[in-house]
Each structure stands twice: as structure tokens, then as C-alpha cells.
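The stops below go through selected salt bridges and then a pair of packed helices.

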Amino acid sequence: MTILVTTPNGSVGRYVTEALRDRDDVRFLVRSAAGAEALGAVRGEIVRGDAADPAAVRRAVAGVRRLYLAHPFAADQAAVETGLALAALDAGAHRVVKLGARPFTAPGMVPDPVTGVHDTVTARLRDAGVPELTVLRPDRFLQNFLSAADDLAAGTLADPGGADAARGYVDTRDIAEVAVAELLADRPVGGDLDISGPEALTPGDLAERFAAALGRPVRFVDVPLDAAWRAGLAERGVPAWRVEGLYGLYANYRREGVAGLGDGVRRVLGRAPRSAAEFADELLAAAVGVPRSRPFTVS
């Protein structure tokens, strides 16, 4: 059994890597020398190459039997992911664990560019007849708030997802553990696995959970999806196609309102998912620079 891990330094992939770095039957596909360095020491094999390069993909998938398929949001994401999966199937792979996204289920809603690309790839994989296909469909990543540590330290959680949008914010460590379990299982659960945290939280609720763990007030600020928001992203060098994709995603969060919760963690791992409070205490506090479990009561 040879397992190929794509995007091994990603938000989920880094935890997949951590779980598999001591196995000699795992191969990791990285784009550059910097990516290989970031990966650190692994017992298995590191293959350098661009996932959009067919020659590099052929090297990466040779002899592979199981594939963890992930790719950052990109203009060519559907083509890259599909190419990787089909090449792996041609090389003899029979199991694919794909990182997708939770679909929007409210009446009348349509996929945005960010979530819609996962629908496209998943449909192509099903059409290709992947013998064992697991599609991980997580809600919003808690780890995305680590990049806002400075703002949180100053007492602000700014987010454009809508004040009334209650999401099942999920710790990416849980997604990775489900992915690894599906990769290694003799008989995977398979199918669509909706993955979320244990409760649906508005951004205001999330700010309260963070405040309690950080021992300081944290105030939610609703960022409007307006021209100023677009201009701010453009000034930071975000390309127009990505801005439009993010706009569609956040607009859908606002439209859907309260999202349902997923049972994927319990179905595969037999336990409850990590909470936002656990994430904040175990990971966010260190990023903000405060001791763990500082008592703070939100009035």
C-alpha cells in the first residue's frame, strides 16, 4: 500500500502529514524546495513537482494505491485535481479521499466559485468510477483565524461572513484525523462526510468563545461586502478572480443563515468533534501570545 498526500503543508494537509510522517509507505507531493523544507523529516518519500505538470504527476502517482486529494482554491483547481486523480487511477489507485467543502443547502442557493469547484471535481471522480471514494465536506476552518492573531490580541474579530450566519466552525485537526482514518482503514466509511464542530456559532458567539480562552474581551466586527472590502483585498495583491470567488462564498454564508451540523467526525472516529473553545485554548492562545486557560467571563 502506497499513499500519496497532495498539498501536505496545507491547513488540513499539515496535520495529515503529522499523522503519517513516520510511515515508510507514504509519498508527499510538494511543489518546491521550500515546500520540502517546510514538510520536515518524513520516513516516506518526498516528490517535488507542480501538481499541474503531467510529468511530475506521473512520477508522484507511480505505484500509488490510495490518494489524499487536496488543492488550494485556484483558477485551475478543477483541472489539477481531476488530472491528479485520473493519473492515480491509471497507475492502479483504488481509493481517493478528497478534501471538499460543505455544500449550501438552503432553498434557491447556488454554489459559489469556492465550493462549486469541489462539486465539479467530485462529479468527475464519480464519473471516472473511483472504486472507493470519500469526500470530506467540512464547514469553515477555525485555523483560518490564526492569521488574525494580531487583531484578536487587540480585541477584534472582523469577518465578512454575516452577523447572523451560524456555522459549524471546524478544527482542521478533526478533518485530518477523519482523512487519515479513511486512508488507512481496511473498509472506509466512504461517501460524503459532512464535518463540523459540535455547535453552530454566529461570529459573535465565536468571539465570546475566543474571549473566554484568551482572557480578554474580543468584539465581533461585521465587515460589509462592499467596494472597500474588494479594494482592500486588491491592495494586498489578491487577484480579481480570487476576490470574486471569496465574495461569492461569503455572500452565501450570509444568505444561508444557520447551517446544519455534520456528523462525519463521530461516524468515522466515534467521538465528538473539537469545540471552538478547545481550539482557542490549545492553538489560538499561543498564536495570540497568552497563557492557556486564562479565566475570563463575558458579561
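Select Asp174 and Arg274 to begin: the two form a salt bridge, and their closest N and O atoms are 2.6 Å apart. A salt bridge here is a side-chain nitrogen of Lys or Arg within 4 Å of a carboxyl oxygen of Asp or Glu. Asp174 sits in helix α7 and Arg274 in the loop between α11 and α12, so the pair ties together parts that are 100 residues apart in sequence. Helices (H or I, at least four residues) and strands (E, at least two) are DSSP runs, numbered from the N terminus. Both Asp174 and Arg274 are buried; buried means under 20% relative accessible area, exposed over 50% and partly exposed in between, with a 1.4 Å probe and protein chains only.

This is a predicted model, in which local features need pLDDT of at least 70 and side-chain atom pairs count only at pLDDT 80 or more, while totals for chains, interfaces and linings use all residues. Residues are numbered from 1 along each chain as its sequence is written, and side-chain values use heavy atoms, with hydrogens and water left out.

Asp174 has 0% relative accessibility, whereas Arg271 is partly exposed at 25%.

Next, select Arg254 and Asp222, a salt bridge whose closest N and O atoms are 2.8 Å apart. Arg254 belongs to helix α10 and Asp222 to strand β9 (residues 219-222), 32 residues apart. Arg254 is partly exposed, with a relative accessible area of 33%, and Asp222 is partly exposed at 34%.

Then select Arg102, Asp139, Arg167 and Glu256, which are linked in a network of salt bridges. The structure holds 23 salt bridges.

For the last stop, show helix α9 (residues 227-235) with helix α10 (residues 240-256). Their axes come within 11 Å and cross at roughly 140°. Axes are lines fitted to C-alpha atoms, for helices over the stretch in contact, and angles run from 0 to 180 degrees between N-to-C directions. That makes α9 oblique to α10; angles under 35 degrees count as roughly parallel, over 145 as roughly antiparallel, 65 to 115 as roughly perpendicular and the rest as oblique. Trp229, Arg230 and Leu233 of α9 make the contact with Val243, Glu244, Leu246, Tyr247 and Tyr250 of α10, where contact means heavy atoms within 4.5 Å.
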